Amino acid sequence: MESGPAIFAGTAFALFGATLLVWTGVRLAHRSPVAHGVSPATAAALTTLFGAAFLALGVWCFARV
C-alpha cells in the first residue's frame, strides 16, 4: 500500500526532471534565452542542476519501492 505514493512521486519527479533537462538543452541548442532577465550561463547552470536533482530524486523514489 505504501508503494503507490512512492511510484506516483517518482514518476512526477522523474518526468519533471527529464523534461527540464530536455527543455534546457533545446533552448541552448537554439541559442534562445533559458530565463529572461538572468545571465545565460547562470540560467543554464541552475536549470541543469535542478533538472538533474529532480531526476535523481525520482530515481531515489523508485529505489525505495
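This is a predicted model: local features need pLDDT of at least 70, side-chain atom pairs count only at pLDDT 80 or more; totals for chains, interfaces and linings use all residues.

Trainee: Is Phe62 buried, partly exposed or exposed?

Mentor: A residue counts as buried under 20% relative accessible area and as exposed over 50%, with partly exposed in between. Phe62 has a relative accessibility of 38%, so Phe62 counts as partly exposed. Phe62 also belongs to a nonpolar patch on the surface, together with Ile7 and Val65.

Trainee: How much accessible area do Ile7, Phe62 and Val65 have together?

Mentor: Together, these three residues have about 260 Å² of accessible area.

Trainee: How many helices and strands does the protein chain have?

Mentor: The chain has two helices and zero strands. The radius of gyration is 14 Å, well over the 11 Å that the globule rule gives for 65 residues, so the chain is more spread out than a compact globule.

Trainee: What percentage of the 65 residues is buried?

Mentor: Buried residues make up 20% of them. As for the surface, the chain exposes about 4600 Å², and carbon and sulfur atoms supply 74% of that area.

Trainee: Which residues is Thr24 in contact with, leaving aside its neighbours within four places in sequence?

Mentor: Those residues are Ala44, Thr47 and Thr48. For the chain as a whole, consider the contacts with a separation of 6 or more: residues 24 or more positions apart account for 76% of them.

Trainee: Let us turn to the aromatic rings. How many aromatic pairs does the structure hold?

Mentor: The structure holds two aromatic pairs. To describe such a pair, one looks at the angle between the ring planes: under 30 degrees counts as stacked, and over 60 as edge-to-face. Phe13 and Phe54 form a stacked pair, with 25 degrees between the planes and 5.8 Å centre to centre. This pair links distant parts of the chain, since Phe13 lies in helix H1 and Phe54 in helix H2 (residues 40–63), 41 residues apart.

Trainee: What is the other pair, and how are its planes arranged?

Mentor: Phe16 and Phe54 form an edge-to-face pair, with 90 degrees between the planes and 5.0 Å centre to centre. Here too the pair links distant parts of the chain: Phe16 is in helix H1 and Phe54 in helix H2, 38 residues apart. Phe13, Phe16 and Phe54 form one aromatic cluster.

Trainee: How accessible are Phe13, Phe16 and Phe54?

Mentor: Phe13 is partly exposed, with a relative accessible area of 28%. Phe54 counts as partly exposed at 27%, and Phe16 counts as partly exposed at 44%.

Trainee: Where is His36, and is it buried or exposed?

Mentor: His36 is in the loop between H1 and H2. At 72% relative accessibility, a value over 50%, His36 counts as exposed.

Note on methods:
Residues are numbered from 1 along each chain as its sequence is written. Side-chain values use heavy atoms; hydrogens and water are left out. Contact means heavy atoms within 4.5 Å. Helices (H or I, at least four residues) and strands (E, at least two) are DSSP runs, numbered from the N terminus. The radius of gyration is taken over C-alpha atoms; the globule rule is 2.2 Å times the number of residues to the power 0.38. Buried means under 20% relative accessible area, exposed over 50%, partly exposed in between (1.4 Å probe, protein chains only). Accessible areas come from the Shrake-Rupley method with a 1.4 Å probe; for residues, only the protein chains shown count as cover. Rings of Phe, Tyr and Trp (its six-membered ring) pair if their centres lie within 6.5 Å; planes under 30 degrees apart count as stacked, over 60 as edge-to-face and the rest as tilted. Patches are made of residues with over 30% relative accessible area and no salt bridge: like charges are joined within 9 Å, nonpolar side chains (Val, Leu, Ile, Met, Phe, Trp, Tyr) within 5 Å. A salt bridge is a side-chain nitrogen of Lys or Arg within 4 Å of a carboxyl oxygen of Asp or Glu.
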